[in-house]
Amino acid sequence: MNKYILSPSILSADFARLGEEIATVEAAGADWIHVDVMDGHFVPNITMGPFIVATCRRITKLPLDVHLMIDEPERYIEALAKAGASNLTVHVETCPDIVGMLKQIKSLGCTAGAVLNPETSVGAIQPALPEADLILVMSVHPGYSGQSFMPESIAKVSEIRKKLNALRSSAWLEVDGGIDTGTLPQMKEAGATAFVAATAIFKDSDGPAAGVRSLRALF
Ligand code: DX5
Ligand code: ZN
C-alpha cells in the first residue's frame, strides 16, 4: 500500500473536458480522485452529487474520495455509494452520531471518513477516531477552491496524528485546502498521509500532469 496519497480535487478541473482532466491526472500518478459535494446549506456553494460521482466512476479506475459538505448526509450516502464512491467523508458538524454514521457508510461497502472544519476542535472528532478509515482536516473554510492555507491547521494535524498513533490506527490523515508545494511538506511533517489539491494541480501553469508530478515529488 502507498505510504502517501495524492487526491486531486476536480473542483478546479475544466468540466467541459472532465474525462480528459481525470485521465491526465491518473496517468501522471494521482492515487485517488477527490469529489467535493456541496449543498448550498452547510456551505455557500453548490457543486456536484451522485450523477457526477457516477460519471467519474465510468471515467477512472482510481478510488473516488467523496467529501460531503452537506447537511443531513444520511439522506445521500446510499445514492453516493451506489454511484460508485469508494470513500465517503462526512463533516462531524453535520452528524450528531458520527460513530453511527461511519458504521452506516461501511455497511454500504465504502470506507468511512470524518472531517472537521477549521473552527471545530479536535475533541469533536475524538469519538470517531477508532471507527474512521480516514480523518480529514480542513485547512480552509470549506466551499471553494483557491483559498489561502490556514497555518493553524498544522497543529491540529499533529494533535490528531498523536491520537491516531496512540490508538495504533492505520487511518489515513488527510488534509484539504490550500495544499501546494509550500504547504504539503509542512502538513506531511505534522503527520498527514493524504493530500487533496485542486488549484495546485488543475491550475498549474504547466498543466495538471505537471501539478501532480511536483506534489508527488515531495512524498
Ligand atoms: C474546499 C474543498 C476542497 C477544494 C480544495 O471546500 O473541500 O477540496 O477543492 O481546493 P484548493 O486545493 O484549491 O484549496
Ligand atoms: Zn474537499
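Helix α1 (residues 18–28) packs with helix α8 (residues 208–216) at an angle of about 35 degrees, and their axes lie 8 Å apart. The model is predicted.

**How α1 meets α8**

- Two packed helices are described by the angle between their axes and by the distance between those axes.
- The crossing of α1 with α8 is right-handed.
- On the α1 side, the contact is made by Glu21, Thr24, Val25 and Ala28.
- On the α8 side, the residues that meet them are Pro208, Ala209, Val212, Arg213 and Arg216.
- Sorted by class, this contact of α1 with α8 holds five nonpolar, one polar and three charged residues.

**The buried side of α1**

- Leu18, Glu21, Ile22, Val25 and Ala28 are the buried residues of α1.
- These residues are on the same side of α1 because they cover an arc of only 135 degrees around the axis.
- The buried residues of α1 pack against the strands β1 (5–8) and β2 (33–38), and against the helices α2 (50–59), α7 (199–202) and α8.

**Ser139**

- Ser139 sits in the loop between β6 (134–138) and α5 (153–166).
- Ser139 counts as buried because its relative accessibility is 0%, and buried means under 20%.
- Leaving out residues up to four places away in sequence, Ser139 touches Ser148, Phe149, Met150, Ser153, Asp176, Gly177, Ile179 and Met187.

Note on methods
Residues numbered from 1 in each chain as written. Chains lettered and ligands numbered in written order. Predicted model: local features only at pLDDT ≥ 70, side-chain atom pairs only at ≥ 80, totals over all residues. Heavy atoms only, no water. Axes fitted to C-alpha atoms, helices over the stretch in contact; angles between N-to-C directions. Helix = DSSP H or I, 4+ residues; strand = E, 2+ residues; numbered from the N terminus. Left-handed = near helix turned anticlockwise from the far one by under 90°. Contact = heavy atoms within 4.5 Å. Nonpolar A, V, L, I, M, F, W, Y, C, P; charged D, E, K, R; others polar. Buried < 20%, exposed > 50% of the residue type's maximum accessible area, 1.4 Å probe, protein only. Arc of directions from axis to C-beta.
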